[in-house]
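Subject: Structure for your review

Dear colleague,

Please find below the structure that I am handing over to you. I would be grateful if you could read the notes after it with the sequence and the coordinates open.

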Amino acid sequence: MFLGVFVAVSQYEPFSIVLNVCTLDRLVSAVLAHFILKEKLHKLGMLGCVMCIVGSVIIVIHAPQESPITSVQEIWIMATQPAFLLYVGSVIMLVFILVFHFSPRCGHTDVLVYTGICSLMGSLSVMSVKALGTSLKLTFEGKNQLIYPETWFFMLVVATCVVTQMNYLNKALDTFNTAIVSPIYYVMFTTLTILASVIMFKDWDGQSGGDIISDICGFIVVLSGTILLHTTKDFERSSSFRGNFVPVSSTLSTRLCSGNGDSKFDEEVPPPPEEVCMRRQ
C-alpha cells in the first residue's frame, strides 16, 4: 500500500516532501491507538507527534521545486551520471560487505547490520520506483515508455531491491525489538534516500542557502520526533505492569507447612530459597 501511494505522489513532489510527510502515518497510528485501542500515549510521545508535524510543515514550506520529466530516457541520463554511479557502486559494495562478512558474524547481535542492508537497498529501490512510476504515468498519458529497455531495467531493479529489502527487514524484526528497529530503519532509510535523490535529481539546485538549512533542520526535527514517538510508546504499558505486580504473601509458606514440619510446596510455584517453614507449635 505504501509503495503504491509513494509511486503516485512522488511523480509530482520531491522526495524530501514525500518521505517526511509519510511520517504522519506513524502519528495517526499513535493517536488512533490512544483513542480506539486505549493504548496510553506518553507525554514524550505527544511531544514527538508535535515535532513530526512541525518538521513536516517546515519541509513543505521550504521544499525545492521539481522540474518535469518527459521520458524515461531522461531519468536514465540522470541515473548514469558519474556522481550517482559512484553512489550506486558504494551502496552495492557496502551491501556485499554487510551480507557476506558482517551478517554471519554479528547480524544477530548488532541491529545496524540488517537495518543497514535494508536502508541501502531501499535508497536504490526508491530511485527505481520513481523512474518506473514516471514511465508508467507517461505511458498512461499516451507516450508509450514500455518500448524502451530502460523501463524494464528499472522494473528489474525495483523487484531485486524490494525482495532483498523485505528479506532483511523481516530478519531484523524477528531478531530485535520493533521499538528499536523501526526508528533506526526510518532514520537510515530516509537519510540515504534523500541523499540519493539530491545526487540523482539534484533537488537542491537553484535553492538558496536558507532554504537548504531549513530543510535540514526540519528533517532533523522529524527524525527526533519519530525516535521519541517509537521509544516512548511502551512506557505507560511497562509502568502499569510494574504497578499491578503484587508480591507473594509471606504467609503462604506458613500455610503450606505440615504438622510435622515438612513443607508441601506446589511443584509449579517453588518458594523463595530464604523462606523456612516454622514448626507448628
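Overall fold

Please bear in mind throughout that this is a predicted model. The protein chain has twelve helices and zero strands, so that, by the DSSP assignment used here, its pattern along the sequence is α-α-α-α-α-α-α-α-α-α-α-α. Of its 281 residues, 40% count as buried. Among contacts between residues at least 6 apart in sequence, 78% join residues at least 24 apart.

The UniProt record, an unreviewed entry, places the feature "transmembrane region" at residues 15-37, 44-63, 75-99, 111-132, 152-169, 176-200 and 212-232. I looked at two of these spans in the model. Residues 75-99 are 92% helix and 0% strand, and the C-alpha atoms at the ends of this span are 29 Å apart. Residues 176-200 are likewise 92% helix and 0% strand, with end C-alpha atoms 33 Å apart.

Helix α4 covers residues 43-61, which makes 19 residues. Which residues of α4 are buried? They are Gly45, Gly48, Cys49, Cys52, Gly55, Ser56 and Ile59. Viewed down the axis of α4, these buried residues fall within an arc of 135°, and therefore they line one face of the helix. The face turned away from that buried side carries the exposed residues Lys43 and Ile61.

The buried residues of α8 are Glu150, Thr151, Phe154, Val158, Cys161, Gln165, Tyr168, Leu169 and Ala172. They pack against α5, α6, α7 and α9.

Nonpolar cores

The largest nonpolar core has 37 residues, and those with the most contacts inside it are Phe84, Tyr87, Val95, Ile117, Met127 and Met200. Helices α5 (72-79), α6 (82-106), α7, α8 (149-175) and α9 (178-201) each supply at least two residues of this core. The most comes from α7, which gives eleven residues. Apart from this core lies another, of six residues, among them Ile59, Ile194, Phe219 and Val222. Ile59 is also one of the buried residues of α4.

What does Ile117 contact, leaving aside its neighbours within four places in sequence? Its partners are Val95, Leu98, Val99, Thr164 and Tyr168. Of these, Val95 is listed with Ile117 among the residues with the most contacts inside the largest core, and Tyr168 is one of the buried residues of α8.

Individual residues

Val126 lies in helix α7 (residues 111-140). Its relative accessibility is 6%, so Val126 counts as buried. The C-alpha atoms of Val126 and Ser197 are 9.0 Å apart, although 71 residues separate the two along the chain.

Thr193 belongs to helix α9. At 0% relative accessibility, Thr193 counts as buried. Thr193 and Leu124 are 69 residues apart in sequence, and their C-alpha atoms are 7.6 Å apart.

Two residues of helix α10 (residues 209-231) deserve a mention: Ser214 and Ile213. Are they buried or exposed? Ser214 has a relative accessibility of 19%; because the cut-off for buried is under 20%, Ser214 counts as buried. Ile213, at 53%, passes the cut-off of over 50% and therefore counts as exposed. Leaving aside neighbours within four places in sequence, Ser214 is in contact with Ile58 and His62. Ile213 and His62 are 151 residues apart in sequence and 9.2 Å apart in space, C-alpha to C-alpha.

Cysteines

How many disulfides does the model contain? The count comes to zero. Cys118 is buried, with a relative accessible area of 0%, and Cys161 also counts as buried, at 4% relative accessibility.

With kind regards

Methods: Residues are numbered from 1 along each chain as its sequence is written. This is a predicted model: local features need pLDDT of at least 70, side-chain atom pairs count only at pLDDT 80 or more; totals for chains, interfaces and linings use all residues. Side-chain values use heavy atoms; hydrogens and water are left out. Helices (H or I, at least four residues) and strands (E, at least two) are DSSP runs, numbered from the N terminus. The expected span of a helix is 1.5 Å times one less than its number of residues. Buried means under 20% relative accessible area, exposed over 50%, partly exposed in between (1.4 Å probe, protein chains only). The arc is that of the directions from the helix axis to the C-beta atoms. UniProt positions are given in the numbering used here, feature names are shortened, and annotations may be inferred rather than shown by experiment. A disulfide is a pair of cysteine sulfur atoms within 2.5 Å. A nonpolar core is a set of buried Ala, Val, Leu, Ile, Met, Phe, Trp, Tyr and Cys residues joined through side-chain atoms within 4.5 Å. Contact means heavy atoms within 4.5 Å.
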